[in-house]
Amino acid sequence: MAKVIKVYVHLCPMNTKTQVIKYIHLIILLISLTLYGIAMYAPGVLAFIYPFWLYKILSQGLSIFVALFPFSLAEVLLLLFPLYGLYRLGKGLYLWIGRTGKAGAYWRTMGRQSGKLACYLLSIFILSAGINYHRTSLAAHAGLEVQPAQQEELLQLCMYLADLTNEAAGLTGRDSAGGFVSDYSFNQNRKRVGEAYHSLSQTYPACKGWYPSSKPLYFSHWVSYAHIMGFFFPFTFEANINKDIPAFMIPAVIAHEQAHLRGFMREEDAEYAVFLLTRHTHDPNLRYSFYMAMLMRIMGVLYRADPEDYQQWIAGFSKELVHDLNAYIDYWSAFRSPIGDISQTVNDAYLKANSQSEGVQSYGRVIDLLMADYKLTQNLKKQEYEHD
């Protein structure tokens with residue numbers, strides 16, 4: 001009888017709970033890939049459930065928790081992860097060269113652990129960022145219709161932005177040399193950007209939420225060599241900001257990365273969110289920062305379209321505006337390096353891998369949205385005038 005019991009136990013399949021734990025990384029990855037496939041090929045299925053419920057609960061909860069740490073967890077992980085990888089690799093090589101007999105088992109174990117980690121990281125990325133590349137765009141929420149623009153319309157938009165930026169520049173604090181002086185600390189800027197988003201969410205509920213995890217990078221100086229002003233880290237739900245960039249750009253960069261944190265991953269949506277915020281804050285520092293971000297996006301577009309119009313246009317810039325643009329150029333000129341080119345290439349590949357076929361050129365697509373917004377605004381003003 002005892003032999004029969006032993007044979008039964010030996011042939012009995014592994015406990016179901018144990019099997020689930022053993023393959024939990026694959027199960028989570030399968031669920032994530034399924035959701036990603038639905039978002040890509042049938043976006044309407046997740047259009048409301050995911051961004052307004054699942055993602056919002058996940059992102060807000062983690063953002064509030066991560067905000068408890070006064071430093072950037074992303075920065076720590078990005079520093080420690082490569083070091084840990086080099087340590088594990090070095091240990092494996094040491095065992096192999098030393099012929100201790102443990103190298104084979106070590107490499108097999110490291111291979112399994114690396115595979116599990118890759119599954120978890122890919123799953124987190126899909127759930128925190130990947131699916132949101134296929135969500136309803138902010139432009140769609142705003143009811144914008146993007147159409148080809150004429151040269152004259154582009155120039156009108158440029159003049160419109162220049163007038164707004166000149167006006168905003170005149171309301172900001174200045175030092176004796178005429179340079180921009182911020183009235184706020186980083187945390188105060190973060191708080192005011194959050195207040196602007198709260199106001200914006202009254203018109204666009206998709207922007208609603210409290211996301212306090214915007215962090216200044218400790219190694220901002222070195223990050224500048226990669227020509228990075230900020231980035232959203234989907235594994236910690238942090239908006240990471242280069243605090244060394246010209247002060248007038250910091251609110252705009254916080255606002256851009258906060259848009260990603262709110263689930264608007266496409267670059268043109270994040271940039272358009274920055275522009276929309278100009279209508280939802282009375283703070284002169286924020287308005288100037290937001291307008292400057294848009295102005296610098298459109299400068300290159302007009303220059304390529306018509307250099308002569310461009311020269312006439314910039315001649316109308318205020319002295320405050322010219323001073324800050326020169327300061328911006330001078331800042332980045334000091335960080336020219338091959339690292340910047342590599343960073344640009346990596347970012348281009350990343351964007352293309354996430355269905356933004358233009359790569360880094362997708363940042364320029366916000367001009368199409370600004371043009372559509374400008375036309376819509378002018379038409380509404382015209383209708384109000386005719387009605388009166």
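Which residue meets the side chain of Arg-279 in a salt bridge, and at what N to O distance? The partner is Asp-373, and the two side chains lie 2.4 Å apart, N to O. Arg-279 belongs to the loop between H13 and helix H14 (284-305) while Asp-373 sits in helix H18, so this pair ties together parts that are 94 residues apart in sequence.

The model is a predicted one, in which local features need pLDDT of at least 70 and side-chain atom pairs count only at pLDDT 80 or more, whereas totals for chains, interfaces and linings use all residues. Residues are numbered from 1 along each chain as its sequence is written, and side-chain values use heavy atoms, with hydrogens and water left out.

**Salt bridges**

A salt bridge is taken here as a side-chain nitrogen of Lys or Arg within 4 Å of a carboxyl oxygen of Asp or Glu, and by this rule the count comes to 9 salt bridges. Three of them are listed below.

| Side chains in the salt bridge | Distance, N to O |
|---|---|
| Arg-279 and Asp-373 | 2.4 Å |
| Glu-268 and Arg-365 | 3.5 Å |
| Asp-244 and Lys-243 | 3.8 Å |

Glu-268 lies in helix H13 (residues 267-276) and Arg-365 in the loop between helix H17 (338-353) and helix H18 (366-387), so their pairing ties together parts that are 97 residues apart in sequence. Helices (H or I, at least four residues) and strands (E, at least two) are DSSP runs, numbered from the N terminus.

The accessibility of these partners can be stated in three classes: buried means under 20% relative accessible area, exposed over 50%, and partly exposed in between, with a 1.4 Å probe and protein chains only. Glu-268 counts as buried at 6% relative accessibility, while Arg-365 is partly exposed at 29%. In the other pair, Asp-373 counts as buried at 4%, and Arg-279 is partly exposed with a relative accessible area of 39%. Salt bridges that share partners also join Arg-266, Glu-268 and Arg-365 into one network. For the remaining pair in the table, Asp-244 is partly exposed at 31%, and Lys-243 is partly exposed at 37%.

**Positive charge on the surface and in the interior**

Lys-22, Arg-108, Arg-112 and Lys-116 gather in a patch of positive charge on the surface. Such patches are made of residues with over 30% relative accessible area and no salt bridge, like charges being joined within 9 Å and nonpolar side chains (Val, Leu, Ile, Met, Phe, Trp, Tyr) within 5 Å. Helix H7 (residues 103-130) supplies the largest share of the patch, 3 residues. Arg-112 has its place in helix H7 and counts as exposed, at 52% relative accessibility.

Arg-88, in helix H6 (residues 73-98), is buried yet has no salt bridge, and the nearest side chain of opposite charge, Glu-238, is 23 Å away. The side chain of Arg-88 is joined to that of Gln-113 by a polar contact of 3.2 Å. A polar contact is a pair of N or O atoms within 3.5 Å; within protein, one must be able to donate a hydrogen and the other to accept it, and residues adjacent in sequence count only if both atoms are side-chain atoms.

**Pairs separated in sequence**

Met-249, found in the loop between strand S5 (238-241) and helix H12 (250-261), is buried, with a relative accessible area of 4%. Met-249 and Met-229 are 20 residues apart in sequence and 8.8 Å apart in space, C-alpha to C-alpha. Lys-319, in helix H16 (residues 319-333), is exposed at 69%, and its C-alpha lies 8.9 Å from that of Asn-166, 153 residues apart in sequence.

Conventions. Accessible areas come from the Shrake-Rupley method with a 1.4 Å probe; for residues, only the protein chains shown count as cover. Lys and Arg count as positive and Asp and Glu as negative; His and the chain ends are not counted. The place of a charge is taken as NZ of Lys, CZ of Arg, CG of Asp or CD of Glu.
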